[in-house]
Amino acid sequence: MAPRFVLSFTLSVWCFVAGAQTTQPGAPANPPPRLDLPAAQLVELAQEKKEAGALSEASQLVRAALERDPANTEAHLLAGEISFEARDYDGARDHFKLVLDVDPVNFRANLGYGKILSANREYRQAANKLETAERVASDPQRMVDVRRALASAYAGMGRVNDAVTKAEEAVKLDPQSLDARQTLVEIRLAAGDRVPAQLEPALADAEAYVQKNKDVVQQRPWDKERLQRLDGAYELLLSALRTLHNSFYEHDLRRQVTNALVPGKQAEAAAVLNRTAEVVSEQAALQLTLKEHDAVMLAEKSVEYEPKNLRYLENLAALYQRIKNRDMAVETCRRILELKPDHEGVRQYLEAVGESPAPRPASEPSSRPGP
C-alpha cells in the first residue's frame, strides 16, 4: 500500500500546485480584450491571441467581429481554424463551408475543410478539397501544410506511393519542419505491412526525425515542450525498429509473427536489436530529464512560499542545473548568496560558468528565459 500512497500524494501535490499557479493572490490579471473595435481590428487581435495559444480569447474576439460583420471572410476563416485547433470540427466545418459558398477556391477554407474530412475518414472528399488548396497555394509554407494533409488523405485511400511522394515533397520544401518529417515517418510505417520496401526508408526517416528534434532541443535544452516532442520522436523510432525487426521473422498462416527467424537474417536482426537497446537507453535518460522538469515546478512553488529558505533555494538551483537552464540556475545562485555570501558551492558554480560570484543587485531585472 505504501507505493500507492506515495503516488497518490504526489499527484495531489501536483494538482494543488497546478491550481495554485493559476490563482495566485495578488497576481496581475490580464485585462479583458476590447470588443468595441472595428471587425478588422478584432480579427487582427484574434489572430495574435491564436498564435499565442490563447484560443478562448481568440474565439471571443472573432465572435465579436462576426457580430459586427457576419460576412467577414477573414473572420470566418480564423473562426474555423480556431475551432479546428479546439477540436470543434462541426463548428470549424460550418465556418469553412460559408467561405467556400462564396469563394470555392479559397486556400484556407479548402485546407481546413479537407483536414476535417480527413479526420472523419472521408478521404476521397478530403483529397478533392486539398488538391484544390494545393493548386492555389501562394507560398512555400502553405504548400508544406497542404502536402502534409494530402499525404495523410492519400494514405487513408490506400494510395501509398502518392502519399509517400507528397510527404517527401513536404520535407524537401522545408527540411526543418518537424511536422513534415513526422508525417513522412508515420505514412511509411503505416504502409510497411503492405509494402515491406517502405520499412528501411521509414527507419532512416525516423532516425533523421529524432536527430532534427535533438538539434531543436540543443538550442533550448530547458524547453519542456521540445523535450516532450523528442520523446515522441523516440517512440516513432522504436516503432520503426520493432516493425523492421518483426519483418525478419517467419509468419504463420494468420500472418502473425512467429519466433523463427527467416534464414540468413540473423545479422540484420542483431543490428536492429542493438540499435533498439541504444534508443531505449537514450529515451530513458530523456524521460528522467522530463521528470526533473516536474520536480522544478514543485521546487519553484516551495521557494515562492518560503523565498528565504536556503535549503529550498539550493534544491531549486541544483534542479535548474540538471535541466540545463543556466540563466535560472545563475539567478537562483545569486539569491542564495544574498542569504549566505560565503556559500562556497554556489561561488564555485558561478565562477565555472563565467559569472561573477557577487550577489545580483536588487535593481537588476530577472534573467528568466522566455517560453
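Trainee: How many helices and how many strands does the protein chain have?

Mentor: This is a predicted model, so keep that in mind throughout. The two strands are β1, residues 249-251, and β2, residues 257-261. The helices include α10, residues 178-191, and α11, residues 199-219. The count for the chain is 16 helices and two strands.

Trainee: What share of the residues in the protein chain is buried?

Mentor: Buried means under 20% relative accessible area. The chain has 371 residues, and the buried share of them is 39%.

Trainee: What share of the contacts with a separation of 6 or more comes from residues 24 or more positions apart?

Mentor: Take the contacts in the protein chain with a separation of 6 or more. Among these, residues 24 or more positions apart account for 52%.

Trainee: Do β1 and β2 run parallel or antiparallel, and which residue of β2 is the bridge partner of Y249?

Mentor: Two bridges join β1 to β2, and the strands run antiparallel. They form a hairpin with five residues between them. Y249 has its bridge partner in β2, and that partner is L261.

Trainee: Which residue in the turn of that hairpin has a positive phi?

Mentor: Most residues other than glycine have a negative phi. In the turn between β1 and β2, a phi of about 65° belongs to R255.

Trainee: Are α10 and α11 roughly parallel or roughly antiparallel?

Mentor: Two packed helices are described by the angle between their axes and the distance between the axes. The axes of α10 and α11 come within 9 Å and cross at roughly 155°. Angles over 145 degrees count as roughly antiparallel. The pair is therefore roughly antiparallel.

Trainee: How many nonpolar, polar and charged residues are in the contact of α10 with α11?

Mentor: The crossing is left-handed. From α10, the residues involved include L178, L184, V185 and L189, and from α11 they include P201, A202, Y209 and V216. By class, the contact has 10 nonpolar, two polar and four charged residues.

Trainee: Is α10 roughly parallel or roughly antiparallel to α12?

Mentor: Helix α12 covers residues 224-246. Its axis and that of α10 come within 11 Å and cross at roughly 25°. Angles under 35 degrees count as roughly parallel. That makes α10, relative to α12, roughly parallel.

Trainee: What is the make-up by class of the contact of α10 with α12?

Mentor: This crossing is left-handed. L178, D179, Q182, V185, E186 and L189 of α10 meet R229, L236, S239, A240 and T243 of α12. By class, that gives five nonpolar, three polar and three charged residues.

Trainee: R87 has a positive phi although it is not a glycine; is R87 buried or exposed?

Mentor: R87 has a phi of about 65°. Its place is in the loop between α4 and α5. Exposed means over 50% relative accessible area. R87 has 67%, so it is exposed.

Trainee: Where is K324 found, and is K324 buried or exposed?

Mentor: K324 is another residue other than glycine with a positive phi, near 65°. It is found in the loop between α14 and α15. Its relative accessibility is 58%, so K324 counts as exposed.

Trainee: How far apart in space are R147 and E169, C-alpha to C-alpha?

Mentor: R147 lies in helix α8. It is buried, with a relative accessible area of 18%. Beyond its neighbours within four places, it is in contact with E134, K166, E169, A170 and L173. R147 and E169 are 22 residues apart in sequence, and their spacing is 7.2 Å.

Key: Residues numbered from 1 in each chain as written. Predicted model: local features only at pLDDT ≥ 70, side-chain atom pairs only at ≥ 80, totals over all residues. Heavy atoms only, no water. Pairing = 2+ DSSP bridges. Helix = DSSP H or I, 4+ residues; strand = E, 2+ residues; numbered from the N terminus. Axes fitted to C-alpha atoms, helices over the stretch in contact; angles between N-to-C directions. Parallel < 35°, antiparallel > 145°, perpendicular 65-115°, else oblique. Left-handed = near helix turned anticlockwise from the far one by under 90°. Contact = heavy atoms within 4.5 Å. Nonpolar A, V, L, I, M, F, W, Y, C, P; charged D, E, K, R; others polar. Buried < 20%, exposed > 50% of the residue type's maximum accessible area, 1.4 Å probe, protein only.
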